[in-house]
Each structure stands twice: as structure tokens, then as C-alpha cells.
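I opened this model to look up a few local features and wrote down what I found, one entry at a time.

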Amino acid sequence: MISVITSGKGGAGKSTVSGGLGCALARRGRRVLLVDGDAGLRSLDVMLGIAGQAVYDIADVIAGNCPPSDAVYPSPICPNVFVMPAPVSLERLAQPEDMQKLCRGLANYYDEVIIDCPAGIGAGFETAVAGADRAFVVSTPDMVCARDAQILARLLREREIPARLVINRLRPTPILRGKMPDIDELIDTASLQLIGVLPEDEAVAVANAYGKPLPMDCLAARCFANIAARYLGEDVPLADLKKA
Ligand SMILES: Nc1ncnc2c1ncn2[C@@H]1O[C@H](COP(=O)(O)OP(=O)(O)O)[C@@H](O)[C@H]1O
Ligand SMILES: [Mg+2]
């Protein structure tokens, strides 16, 4: 299965969700390739602990400078997770047809190919979604981001790519106090079916910054495990906000 992780704005958590979901799926026995589609602003190499090791990237594969396997690096933070880095220059952004061909080929060697999309709806978006069977739209719990998610949902529908919503950086307290929109309002605005929520969790920021694994006992790790289970088709109920 080839999945793409998108959002309207930068910072919503696309790369975090790509990495966290990838690791959670690997723990469920899947062999996962994370493709960094964010040409010019790559981040999966840092988050997955391979920064500084990467010699080749997607642009090299598409240009024929190396076979795809040379641009795939195993993540030291999670067995069975592999990363194909993005080029450091936006000028080397792949064309949609090349991306589609590459991902179809890669899907023969991995159970899951997860593409980390750049923010926005420009050329980088078109390239990242070109090869995807399905999409996950990441939104923070605010109406501005949820409306971006709605726009992405429409673009994905037009391209016949089924999509689901991930709400990231949830802070239950302001919602319970009625100061922030609740999950139902966000889902209504985004007009996407929810696959899961992730809390604002310092452990996530720390793990990302240093390319370290997320501690298994933190709330975010449990949420990623639930999202992975739903991704695999299991019926896992949403946790109660008050308990979270
Ligand atoms: N749930 C979270 N809790 C704490 N920090 C987070 C969370 N999600 C993302 N972050 C942090 O926010 C920043 C932006 O996240 P990132 O995944 O890079 O966003 P994007 O890829 O959409 O631009 C990163 O520094 C990341 O560590
Ligand atoms: Mg990113």
C-alpha cells in the first residue's frame, strides 16, 4: 500500500506522523519505507536518525545516478523502517509521473510505502500524491488548519485518492473548557473521516529533534499504535478525552 501524508500548512506534523506511523506499523510486523517528498526542506533523515549518512536521495534515483536500493537507509531507531531522503534542493523536485513509477516499483519490496508530502497545494503536492493509493491529512486542532484540510480533502477526492484525517497536537484542557473547537467540529470542517488523534507531547518534540525513538510508554506512542491498528483495518475505539 502506498500512502501519502499531507497538510495545508507546514508544522502541522506531516513528518512526525509519517515517522511515528511508520515505526508503529513496523512494530506490527510490516516492512516500511518512508519516502521524503519534501524537496528542499527534508526532515525524515533527522527524525529517523540517519542525518549525515545519506549520500543519495530520490532525485538521484530518478536521474538514474544510482539504483533505488542505494538511496534507501535503514533507520537505527526502529527495525524494519527505511528512509529514502528528499533532495536538499527544490530544483530537483521529481515530476509526478516519475514519482508514480518509482513508488509502484518500491511497493514490490516493502509492505508499506509512506510518502511525506511538502506543505501546500503546489507542484510538490502534485508530485507527492501522484503515486499514492490513499492519503492522510494532518490538521492541528484549530479551524484555520481544519479548513486547509477541507481544501486538501477536495483536491484528493478530485484525484480519486481516499483520505482520512489525523488531528495532531491535541490539548484536551482547552477543548474541555469550551475554549477550542472540539473534535466533532474539526471533523465536520475538514469533511474527512477521522483515523486518530495525537496529543501535544513533549516526548514527540524531543525524539524528533535528536532522531531518537519515542518512549513506548508515552501517550503519543500509544496513539500511534492505535492509528497503526486502524490503518491495518482493526476496530479500535477513540480514547476518552477526559481520561487522556
Ligand atoms: N504531537 C506533537 N507534540 C509535540 N511536538 C510536535 C508534535 N507534532 C509535531 N511536533 C513538532 O512540531 C514541529 C513540526 O512538526 P513536523 O512533523 O516537522 O511538521 P510538518 O512536517 O507538517 O512541517 C517539529 O519540531 C515536531 O517535533
Ligand atoms: Mg515535514
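Predicted model: local features only at pLDDT ≥ 70, side-chain atom pairs only at ≥ 80, totals over all residues.

Residues are numbered from 1 along each chain as its sequence is written, and chains are lettered from A and ligands numbered from 1 in the order in which they are written.

I took helices (H or I, at least four residues) and strands (E, at least two) as DSSP runs, numbered from the N terminus. Strand β1 (residues 2-6) pairs with β5 in the parallel sense over four bridges, where pairing requires that DSSP finds at least two bridges between two strands. Strand β2 (residues 32-36) also pairs with β5 in the parallel sense, over five bridges, and there I found Leu-33 with Val-113 as its bridge partner.

I then checked burial, counting a residue as buried if 20 or more other C-beta atoms, placed from the backbone, lie within 10 Å of its own, as exposed if 12 or fewer do, and as partly exposed in between. Five of the five residues of β5 (residues 112-116) are buried, so the strand is largely enclosed by the rest of the structure. Glu-112, Ile-114 and Asp-116 lie on one side and Val-113 and Ile-115 on the other, so I recorded both faces as covered.

**Pro-118**

I followed the chain into the loop between β5 and α5 (123-129), where Pro-118 is found. Pro-118 counts as buried because it has 26 C-beta neighbours inside 10 Å. Leaving out residues up to four places away in sequence, Pro-118 touches Gly-37, Asp-38, Leu-41, Gly-124, Phe-125 and Ala-128, a contact being two C-beta atoms, placed from the backbone, within 7 Å.

**Helix α8**

In α8 (residues 183-190) I listed Leu-186, Thr-189 and Ala-190 as the buried residues. Seen down the axis of α8, they fall within an arc of 90°, taken from the directions from the helix axis to the C-beta atoms, so they line one face of the helix. Asp-184 and Asp-188 are exposed on the other side of α8, and the cover over its buried residues includes β6 (134-139), α6 (143-158) and β7. Just after α8, I noted that Ser-191 takes a positive phi of about 50°.
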